[in-house]
Amino acid sequence: MNRHRTALSVLLSAGALVAGVLTAATPSVAADAPASFRQQHTSGFWTAERMRSATPLDVTAAPGTGRTAVATAAAPTRIAPTAAASPTAFPQAGGAWTGGGAVVKTSGRVFFTMGDRTASCSGDSVTSANGSTVITAGHCVKYQGAWHTNWVFVPAYNNGSAPYGQWSATKTFATDQWAASEDMNMDVGLAVVAPLNGQTLSQAVGAQGILFNGGYNKKMYSFGFPAAAPYDGTKLVYCSGNSGKDFLLTRDHSLACNMTGGSSGGPWFQDFNEATGLGTQVSVNSFGYTFLPNRMYGPYFGNEAKAAYDKAQTS
């Protein structure tokens with residue numbers, strides 16, 4: 001196992017938490033951009049059956065090791081959303097989202113190959129200069145030293161179908177800190193996807209706003225496509241509640257949430273409007289502690305995340 005990830009395990013199947021079974025590989029990195037990767041694709045690779053059977057990828061942390069805490073004090077930077085009967089309750093520890101609105105289209109499943117395995121995470125379309133940017137977790141683009149390939153984003157995924165198409169990444173990005181050492185505080189990844197049918201991603205499905213250096217202890221909504229039991233990856237699931245701050249290994253946000261493997265990379269929103277499905281993204285699903293069930297942690301979007309976002313949105 002990569003020496004930087006001794007605190008992490010990979011969720012490989014429903015109910016099974018197996019540490020260290022993924023073989024580290026040498027990353028293929030562009031010489032001028034060590035925190036990015038030019039994607040490789042096999043045409044027609046992601047069939048409905050392959051998407052349904054993809055392994056849900058998630059990480060969990062155990063006590064004993066941690067990452068260096070990173071200062072987050074800075075002025076807020078906000079990017080407004082691109083717009084494209086609430087049945088919900090607050091707080092919510094995990095349930096299918098039936099409220100409709102923009103989040104149904106901007107959220108989706110992420111699929112990729114990791115060595116000889118197919119795997120899945122979640123992601124979200126965010127407002128960007130290129131109109132083609134997806135944000136997810138860092139381990140959903142690169143893990144144990146290797147960049148994932150055959151990376152696609154499927155907005156509004158529905159049990160093997162892709163109602164708005166499969167959006168292939170041309171390049172994937174991570175924070176410099178995740179790319180260098182897989183720092184748990186900086187588990188943020190992005191992808192720039194190619195246009196499809198003459199449209200950019202944001203033209204086709206809309207895009208959420210994003211906020212950097214927005215502070216802690218907010219009313220929060222988290223979304224994702226958990227695919228490990230008791231979930232099966234077919235539904236958009238959400239959690240909501242008053243968030244806190246991790247007091248153990250990281251400076252992440254913390255939220256009561258029972259989402260499982262496959263939800264990694266799904267968006268966290270503050271200022272979320274249940275009626276419109278629009279919010280301001282401030283984090284992504286990242287990890288859970290093995291000894292603290294039903295709680296999700298998400299990285300603080302500080303200057304480091306903004307630097308990665310700026311590289312992606314101008315790519």
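**Disulfides, salt bridges and cores in a predicted model**

The link of Cys 239 and Cys 257 is right-handed, with 65° about the S-S bond. Its two ends come from distant parts of the chain: Cys 239 sits in strand E18 (residues 237-242), while Cys 257, 18 residues apart from it, is in the loop between strand E20 (253-256) and strand E21 (267-273). The sulfur atoms are 2.1 Å apart. Both Cys 239 and Cys 257 are buried. The model is a predicted one, and the geometry described here is computed from its coordinates.

This disulfide is one of two in the structure. In the other, Cys 121 is joined to Cys 140, with an S to S distance of 2.2 Å. Here too the pair links distant parts of the chain, with Cys 121 in strand E9 (residues 117-126) and Cys 140 in the loop between E10 and strand E11 (142-143), 19 residues apart. Which hand does this second link have? The torsion about the S-S bond of Cys 121 and Cys 140 is about -80°, so this disulfide is left-handed. Cys 121 has a relative accessible area of 0% and is buried; Cys 140 is likewise buried, at 0%. Counting bonded cysteines along the chain, the disulfides follow the pattern 1-2, 3-4. In general, a disulfide is a covalent bond between the sulfur atoms of two cysteines.

The confidence of the prediction comes next. Over the protein the mean pLDDT is 81, and 77% of the residues reach 70 or more. Strand E10 (residues 133-136) has the highest mean, 98, and strand E2 (residues 16-18) has the lowest, 23. Two stretches call for caution. Over residues 1-33 the pLDDT stays under 50, although the model has 81 contacts beyond four places in sequence for this stretch. Over residues 83-87 the pLDDT also stays under 50, and the model has six such contacts there. Where pLDDT is low, the predicted coordinates should not be read in detail.

The largest nonpolar core has 38 residues, and the members with the most contacts inside it are Phe 112, Ile 135, Trp 151, Phe 153, Leu 190, Leu 201 and Phe 301. Apart from this core lies another, of 17 residues, including Trp 46, Val 103, Leu 236 and Phe 269.

Glu 182 is found in the loop between H3 and strand E15 (189-193). Is Glu 182 buried or exposed? Its relative accessibility is 2%, under the 20% limit, so Glu 182 counts as buried. What lies by its side chain? A polar atom of the Glu 182 side chain is 3.0 Å from the backbone nitrogen of Gly 145.

A search of the whole structure finds three salt bridges. One of them pairs Asp 310 with Lys 306, whose closest N and O atoms are 2.7 Å apart. Why are these two separated by about one helical turn? The reason is that Asp 310 and Lys 306 are four residues apart in helix H5. Asp 310 is partly exposed, with a relative accessible area of 25%, and Lys 306 is partly exposed at 22%.

Asp 176 is partly exposed, with a relative accessible area of 42%, and Lys 311 is partly exposed, with 41%.

The remaining salt bridge is between the side chains of Arg 117 and Asp 116, with an N to O distance of 3.5 Å. Arg 117 has a relative accessible area of 32% and is partly exposed. Asp 116 is exposed, because its relative accessible area of 72% is over the 50% limit.

Methods
Residues numbered from 1 in each chain as written. Predicted model: local features only at pLDDT ≥ 70, side-chain atom pairs only at ≥ 80, totals over all residues. Heavy atoms only, no water. pLDDT = per-residue confidence, 0-100. Contact = heavy atoms within 4.5 Å. Salt bridge = Lys/Arg side-chain N within 4 Å of Asp/Glu carboxyl O. Buried < 20%, exposed > 50% of the residue type's maximum accessible area, 1.4 Å probe, protein only. Core = buried A, V, L, I, M, F, W, Y, C linked by side-chain atoms within 4.5 Å. Polar contact = N/O pair within 3.5 Å; in protein donor to acceptor, adjacent residues only side chain to side chain. Disulfide = S-S within 2.5 Å.
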